[in-house]
Amino acid sequence: MTSPSSPSALPLTPALPPAYPDRAAWGTATKLRAWQTEALTQYFEALPRDFLAVATPGAGKTTFALTVAAELLSRRLIERVTIVAPTEHLKTQWAEAAEKVGIAVDPSYAGGKGRTSKEYVGVAVTYAGVAANPLALRIRTERSKTLVILDEIHHAGDALSWGESVREAFEPAHRRLALTGTPFRSDVNPIPFVGYAPGADGVPRSVADYSYGYARALADHVVRPVLFLAYSGDMQWRTRAGDEVAARLGEPLTKDQSAQALRTALDPHGAWMASVLAAAARRLDEVRRHVPDAAGLVIASDQESARSYARLLAELTGEKPVVVLSDEKAASKKIAEFTESDDRWMVAVRMVSEGVDVPRLAVGVYATVTTTPLFFAQAVGRFVRARRRGETASVFLPSTTSLLALANELELQRDHVLGRTVADEDDIFAAEDELLAREQAAENASAEEQLMPFQALGSEARFDRVLYDGGEFGHAGEVAVGSEEEMDFLGIPGLLEADQVRDLLRNRQSARAAAQKAAQARRTPDEEAAAVEKARARVSTHERLAMLRRELNGLVAAWHHRNGQPHGVTHTVLRKECGGPVASLASEEQLQARIDKIRDWAVGR
């Protein structure tokens with residue numbers, strides 16, 4: 001037998017392409033992706049009992065894990081395989097993938113079932129199934145030398161009982177291979193079989209044995225670049241106390257008001273959702289000019305909203321979308337059929353947010369009230385799987401502070417953090433801001449909010465900006481839906497290299513600004529003064545302040561992306577240098593001074 005570290009010992013799995021289940025893109029090529037080969041080399045040099053591989057969604061974690069399993073079986077280092085997946089649908093998907101490398105896996109296994117047919121080398125179960133009968137799985141694990149593949153291992157921390165059950169069931173496993181695309185969580189429950197080490201701030205963080213982040217995958221053309229198209233607008237709703245509230249989506253608001261403004265925007269009977277779906281449909285039409293089988297997905301909060309969004313799409317496009325509901329027995333079949341079809345749109349609730357692969361998805365609408373980093377990353381992961389060079393993904397989302405921050409930080413590598421410390425006085429504001437953002441985005445807060453009596457009264461949508469590659473692009477002020485200014489961004493070709501997308505965004509933004517400047521230059525001083533006064537008269541004081549706050553927040557986010565300085569620290573420094581209260585209470589003059597100051601920083605003045 002060759003030594004594990006020699007090149008000939010590296011496993012080659014001929015029947016499974018690097019990006020399974022995206023079979024069309026890679027055919028039946030035996031060549032593994034560079035990161036997969038690198039991770040496999042590292043694994044077989046050490047042959048550890050526990051191994052955590054963190055790879056961005058769409059990178060090919062399934063292929064990596066099953067290649068490991070096939071090689072361990074061929075070397076007789078293991079005798080059985082147990083796969084733990086988040087959902088029932090993914091159990092079947094794993095079983096189908098395993099079949100292609102010669103590993104027969106039973107996806108219908110349940111703890112109370114006991115033994116399976118001798119035809120099977122392994123079983124696939126869900127985390128919920130493990131929690132239902134951990135003892136049965138422990139006995140099965142003890143009987144043979146077992147490799148346990150823990151897909152999306154962060155789900156083992158969804159509930160304390162789940163983590164305990166996973167630990168009880170698989171503690172005697174011969175080897176454990178943990179996979180995740182998003183190791184961070186919104187709570188502080190430790191994840192079983194994952195190592196933690198204190199960071200520079202003394203806070204324990206998860207330690208991956210191998211990491212392959214989005215930024216590196218993007219550079220390798222393994223994933224698509226993502227255009228985030230953010231939409232703002234005015235919202236009106238009635239609270240449980242009977243008060244009628246009007247606010248601009250994305251303005252600084254209380255936790256309850258932010259949640260209610262978002263829910264108002266996502267109300268299927270309001271104008272905001274109809275406008276955004278229409279924009280997304282136009283974007284998909286443009287993408288299909290270059291990628292004929294491209295498809296779109298709307299991720300909804302609940303089944304009632306999903307059905308309503310489907311009706312809206314049918315009216316807008318003349319084509320009835322596929323609706324996938326998590327409690328339907330035919331849900332998995334619908335997803336599989338949609339994957340192989342030429343249908344344009346699918347509308348689904350949570351079940352399509354993680355692990356489900358539909359490689360032709362290119363346009364998404366984030367229409368859910370769940371705004372945790374974990375859910376957001378997994379949702380965006382449905383659109384980033386690359387099939388050929390030049391494909392881009394477009395995700396439409398509400399212009400809320402939390403979602404814009406998540407979109408801006410997509411490329412940052414994160415680890416599961418078990419706590420948060422404040423290092424010094426200058427960091428107090430940053431810690432406070434982070435805790436507030438976490439509180440606003442908490443799933444349980446959203447769940448509580450859903451129970452409160454609430455009535456959306458009306459909404460309108462305005463194109464706000466495009467977020468791409470750490471930068472923000474748009475036109476002066478908010479742009480009307482359906483305008484030429486909006487089409488500057490919706491009409492971007494669907495097949496461009498990442499740097500071409502960035503250059504095109506800059507060119508379209510600067511060309512529109514130059515045209516506006518040229519038009520202004522042709523005016524006489526009196527005409528210019530009259531135009532400025534007329535524009536100011538059309539825009540109320542609160543709208544001017546809101547526009548300045550949005551501009552300031554966007555610049556602070558871009559500054560954070562450049563040097564990593566927390567948003568709260570940047571705001572604090574600006575307040576110290578320019579004077580005045582917090583941004584939500586600052587005057588127009590004070591906000592403009594801070595905008596000018598951070599622009600000076602950017603150019604090194």
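Which residues form one aromatic cluster with Phe64? Select Trp35, Tyr43, Phe44, Phe51, Tyr210 and Tyr212 together with Phe64, and the cluster is on display.

**Phe64 and the cores**

Keep Phe64 selected and show its surroundings. Apart from neighbours within four places in sequence, Phe64 is in contact with Trp35, Gln36, Ala39, Leu40, Phe51, Ala53, Leu177 and Leu179. Next, select the largest nonpolar core, which has 72 residues. Phe64 is one of the residues with the most contacts inside this core, along with Ile149, Val226, Phe228 and Phe376. Colour helix 3 (residues 61-74) as well: with seven residues, helix 3 supplies the largest share of the core. A second, separate core holds 52 residues, among them Trp237, Leu266, Met273 and Tyr309.

The structure holds 13 aromatic pairs. For one of them, select Tyr231 and Phe463, whose rings are arranged edge-to-face, 5.4 Å centre to centre and with 75 degrees between the planes. Tyr231 belongs to strand 10 (residues 226-232) and Phe463 to strand 19 (residues 462-468), so the pair ties together parts that are 232 residues apart in sequence. Both Tyr231 and Phe463 are buried.

**Asp106**

Move to strand 3 (residues 105-106), where Asp106 is found. Is Asp106 buried or exposed? Its relative accessibility is 2%, so Asp106 counts as buried. Display the side chains of Asp106 and Ser108 to see the polar contact of 2.7 Å that joins them.

**Helix 21**

Select residues 567-578, which make up helix 21. This helix has 12 residues and reaches 16 Å from its first C-alpha to its last, close to the 16 Å expected at 1.5 Å a residue. Gly568, Val569, Thr570, His571, Thr572 and Leu574 are buried in helix 21. Just after the helix, Gly579 takes a positive phi of about 80 degrees.

**Confidence along the chain**

Finally, colour the model by pLDDT. The protein chain averages 79, and 79% of its residues score at least 70. Residues 1-14 have a pLDDT below 50 and, beyond near neighbours in sequence, 24 contacts in the model. Residues 413-451 also have a pLDDT below 50, with 76 contacts in the model beyond near neighbours in sequence. Where pLDDT is low, predicted coordinates should not be read in detail.

Conventions: Residues are numbered from 1 along each chain as its sequence is written. Side-chain values use heavy atoms; hydrogens and water are left out. Helices (H or I, at least four residues) and strands (E, at least two) are DSSP runs, numbered from the N terminus. Buried means under 20% relative accessible area, exposed over 50%, partly exposed in between (1.4 Å probe, protein chains only). A polar contact is a pair of N or O atoms within 3.5 Å; within protein, one must be able to donate a hydrogen and the other to accept it, and residues adjacent in sequence count only if both atoms are side-chain atoms. pLDDT is the predictor's confidence in each residue, from 0 to 100. Contact means heavy atoms within 4.5 Å. The expected span of a helix is 1.5 Å times one less than its number of residues. A nonpolar core is a set of buried Ala, Val, Leu, Ile, Met, Phe, Trp, Tyr and Cys residues joined through side-chain atoms within 4.5 Å. Rings of Phe, Tyr and Trp (its six-membered ring) pair if their centres lie within 6.5 Å; planes under 30 degrees apart count as stacked, over 60 as edge-to-face and the rest as tilted.
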